[in-house]
Amino acid sequence: MRGAVLTAVLLVTVLTLVACRQTTGVEQAGDTGLEDTQWVLLALRGQPPLAGTAPTATFSQGQVGGSTGCNHYFGVYEVSGAGLSIGELGMTEMYCIAPGVIEQEQAFLTALMEVAGYRLVEGQLELLDAAGDVLLAFEPLLPPPDVALVGVDWELRTFIEGEVASSPLSGTAITLRFFDEGIARGSAGCNDYGGPYTLAGDALSFAGFDITNQGCVDPAGIMEQETRYIDILRRVTRFEIQGDRLTLWTEDGRGLVLAARL
């Protein structure tokens, strides 16, 4: 009888130790967490991304977003232990013509919507489906050092208008450069513009712009886009730089996201 009791006690002890080890693994994943991490894609369903593309994922304050390799996407996420769910995703609407990029983008977003869990393995992030299979594998994305505002050629990547983010029309290039003399110049996609700016800390304002008077018809909507860009730029009140990205903000919540041409 005593032997049976001892065996039962040992069995319970072993099961408890196993359970503790399993629980500890989940807690470590949860404790390590995804908050304020940035990743770049290594593999999509076991296949490396197309050359020249770099799909990414950034997790911050319950928001997930990044690049699909063509467009920018954004949404929300929730973590419960080692479980991870990603809500419905929004996306900019730029069309990329490089072969396979759009197909890869669709496969990438589909995989994100299937995510049910995650694990961190040797510094890499693996996003898993409900069966525990790896959908997406990432390595840490090391952000580039902040670029100076002045003396850099910036190119528009995204319009932000309230909850809506959209890309410039395909085939257009909207640019901006700040010069030491307090003058900013660039292209609005069709016409060139320029004018004085004032800078104080992160406060930025423009006094007005001189704009050339050329009319463009291709692509469709280019002049409307130009008007939209200049209207937001005139109302800019502050800026922020993160790595090679410059965001210009207005008081009414509109913004312009530009990338440094390095």
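Colleague: How do strand 8 and strand 9 pair, and over how many bridges?

Modeller: Strand 8 (residues 124-128) and strand 9 are antiparallel, with four bridges between them. Two strands count as paired if DSSP finds at least two bridges between them. Helices (H or I, at least four residues) and strands (E, at least two) are DSSP runs, numbered from the N terminus. This is a predicted model, where local features need pLDDT of at least 70, side-chain atom pairs count only at pLDDT 80 or more, and totals for chains, interfaces and linings use all residues. Residues are numbered from 1 along each chain as its sequence is written, and side-chain values use heavy atoms, with hydrogens and water left out.

Colleague: Which residue in strand 9 is the bridge partner of Leu 128?

Modeller: Val 134 is the partner of Leu 128. Five residues lie between the two strands of this hairpin, and Gly 132 in the turn has a positive phi of about 90°.

Colleague: What about strand 1 and strand 9, how many bridges there?

Modeller: Five, again antiparallel, with strand 9 covering residues 134-140. Ala 43 has Ala 137 in strand 9 as its bridge partner.

Colleague: Different topic. Which strands pair with strand 4?

Modeller: Strand 3 (residues 63-67) pairs with strand 4 (residues 72-80) in the antiparallel sense over five bridges. Strand 5 (residues 83-86) is joined to strand 4 by four bridges and also runs antiparallel to it. Strand 6 (residues 90-91) pairs with strand 4 over two bridges, in the antiparallel sense.

Colleague: Which residues face each other?

Modeller: Gly 66 is opposite Tyr 73, Glu 78 is opposite Ser 85, and Phe 74 is opposite Gly 90.

Colleague: And which glycines have a positive phi in the hairpins of strand 4?

Modeller: Gly 69 does, near 100°, in the hairpin with strand 3, which has four residues between the strands. In the hairpin with strand 5, which has two residues between the strands, Gly 81 takes a positive phi near 65°.

Colleague: Now Pro 55. Where does Pro 55 sit in the chain?

Modeller: Pro 55 is in the loop between strand 1 (37-44) and strand 2 (56-60).

Colleague: Buried or exposed?

Modeller: Pro 55 is buried, at 0% relative accessible area. Buried means under 20% relative accessible area, exposed over 50%, and partly exposed in between (1.4 Å probe, protein chains only).

Colleague: What is Pro 55 in contact with?

Modeller: Leaving aside neighbours within four places in sequence, its contacts (heavy atoms within 4.5 Å) include Trp 39, Ser 67, Thr 68 and Phe 108. Pro 55 and Thr 68 are 13 residues apart in sequence, but 4.5 Å apart in space, C-alpha to C-alpha.

Colleague: How many disulfides are there?

Modeller: One, taking a disulfide as a pair of cysteine sulfur atoms within 2.5 Å. Cys 190 is joined to Cys 216, with an S to S distance of 2.0 Å. The pair links distant parts of the chain, 26 residues apart: Cys 190 is in the loop between strand 13 (183-187) and strand 14 (192-200), and Cys 216 is in the loop between strand 16 (210-211) and helix 3 (222-234). Both cysteines, Cys 190 and Cys 216, are buried.

Colleague: You mentioned helix 3. Which residues of helix 3 are buried?

Modeller: Ile 222, Gln 225, Glu 226, Tyr 229, Ile 230, Ile 232 and Leu 233. Seen down the axis of helix 3, the buried residues fall within an arc of 160°, so they line one face of the helix. The arc is that of the directions from the helix axis to the C-beta atoms.

Colleague: What is on the face turned away from that buried side?

Modeller: The exposed residues Glu 224 and Thr 227 are carried there.

Colleague: Which residues touch the most other members in the largest nonpolar core?

Modeller: Trp 154, Phe 178, Tyr 229, Leu 233 and Leu 248, out of 28 residues in that core. Helix 3 supplies the largest share of this core, four residues. A nonpolar core is a set of buried Ala, Val, Leu, Ile, Met, Phe, Trp, Tyr and Cys residues joined through side-chain atoms within 4.5 Å.

Colleague: Last one. How many helices and strands are in the protein chain?

Modeller: Three helices and 19 strands. Of the 262 residues of the protein chain, 40% count as buried.
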